[in-house]
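Here's a quick walk through the model you have open. Take a look first, then read on.

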Amino acid sequence: MSKEQSRYRWFVVVVFFFFMLLHQTDKLMIGSLQVPISEAFGINNRQWGLVNSGALIVATILYPIWGYLYDRYARVKLLSLASFIWGATTWLNAIVRSFGGFLITRASTGIDDSSYPGLFTLIADYFGPNLRGKIFGILQLAQPLGYLVGMVLALIVAPMIGGWRSVFFITGALGLVIAILIFFGVKEMPRGKAEPEFENVSEIQSFRFSWAEAREIFKKRTMWFVFLQGFAGVFPWNVITFFFFGYLEKERGYDANSILSTMAPVILILAGGYFLGGVLGDFLFRRTTRGRLLVASAGVLFGMIFMYLAITTPVEARNQFFILMCITAIFMPLASANVTATVYDVTVPEVRSTAQAAQYFVENAGAAFAPIITGVIADAVDIKTAILLICSVAWSVCFFLYLGAIFTIEKDSQHLRDQMAERAKFM
């Protein structure tokens, strides 16, 4: 690979990083706006959960469609379209004045939320297996950083510029800008280009979507463990995203400044955890194909333990709560980049978007109802109990599912390498 090609692929990483950063800002800052939006429409915790579940349900339904389109057509053009939809639906969400209208337009923002499979598969064709965990970790830094930027916009900027509607107009406009940048600045890459078996092949044949290969996804035992852990694993993230600020404000007595000073360092540490997880996963993957899953299982186990210790800390012990949340933030994201890389370690290039879309579909099928369930428990008991119960149960399930995948990954990974080697013989 020439220096120019190497530099360009990092330019693509930067473009997609900002796409994810700004998109996650737009998507996640609603959690920080729970109180003003709830007051604006006069809604309770159950209705608030319904607002957030709507977008998740729409995203869930559309994941298989996006995955199929990405495996059939140019991923760059589809990603540009997704960014345009993000900007347009966010503007609509800011315009409506009734709760019914807000509920519908917020649900429409889920259309572009299911567009990430194409982004990750395109990046996988720029970088080989030994680097993917680290690169995915860098990109996934955007989620907590977007959460942090959204928190700043919600708690500091919004009151200064006229409220939450004005902030939505800003993030919507940024979506349109990114759409133009992707359309004109990012090049499509042949599927499978970065596989090690094709390193010395001058011209890669075009691998086309195949229903036969798509069906093979569901025959791999590792993918079944990945699907099941995804169903359980996203529950805690949605609970924390949409209810944690309300928990800090209502049950721990934090004001806006206290929330910002507490959560900003936690989120920055969380961001570092994504990259750390990817680096550790790549490091162990070079030594054993089970390496990524070993990192993932350790992450959910210790994340669960320290989250429990933090939530059960007395309200008056703010320093102890802060320290425990910082430790929790190290472990929580360790699995993320490794799960994504594991999907690509066992699936052929022409159906990877479909495979990841299927994973996200299963994840969101459960997670879409997490805000509603949390809202029901919170109204019946309190937010603390809801967070603690859902996080503990979900992460316990994930831990045992990762252990199961550890026993199947070697066979499924070797099968992929054999397929790639066989294809390379005919190029």
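## Cysteines

How far is the sulfur of Cys391 from the closest cysteine sulfur? The answer is 11 Å, to Cys398, and that's too far for a bond. A disulfide here means a pair of cysteine sulfur atoms within 2.5 Å, and by that rule the count is zero. Cys391 is buried, because its relative accessibility is 2%, and Cys398 is buried too, at 1%. (Buried is under 20% relative accessible area, exposed over 50%, partly exposed in between, with a 1.4 Å probe and protein chains only.)

## What you're looking at

This is a predicted model, with local features needing pLDDT of at least 70 and side-chain atom pairs counting only at pLDDT 80 or more, while totals for chains, interfaces and linings use all residues. Residues are numbered from 1 along each chain as its sequence is written, and side-chain values use heavy atoms, leaving out hydrogens and water.

## The core

The largest nonpolar core has 135 residues, and Phe16, Ile123 and Phe244 touch the most other members. Such a core is a set of buried Ala, Val, Leu, Ile, Met, Phe, Trp, Tyr and Cys residues joined through side-chain atoms within 4.5 Å. Leaving aside neighbours within four places in sequence, Ile123 is in contact (heavy atoms within 4.5 Å) with Val12, Val13, Phe16, Ile135, Phe136 and Leu139.

## A glycine

Gly404 counts as buried, at 16% relative accessibility. Gly404 and Gly133 sit 271 residues apart in sequence and 21 Å apart in space, C-alpha to C-alpha.
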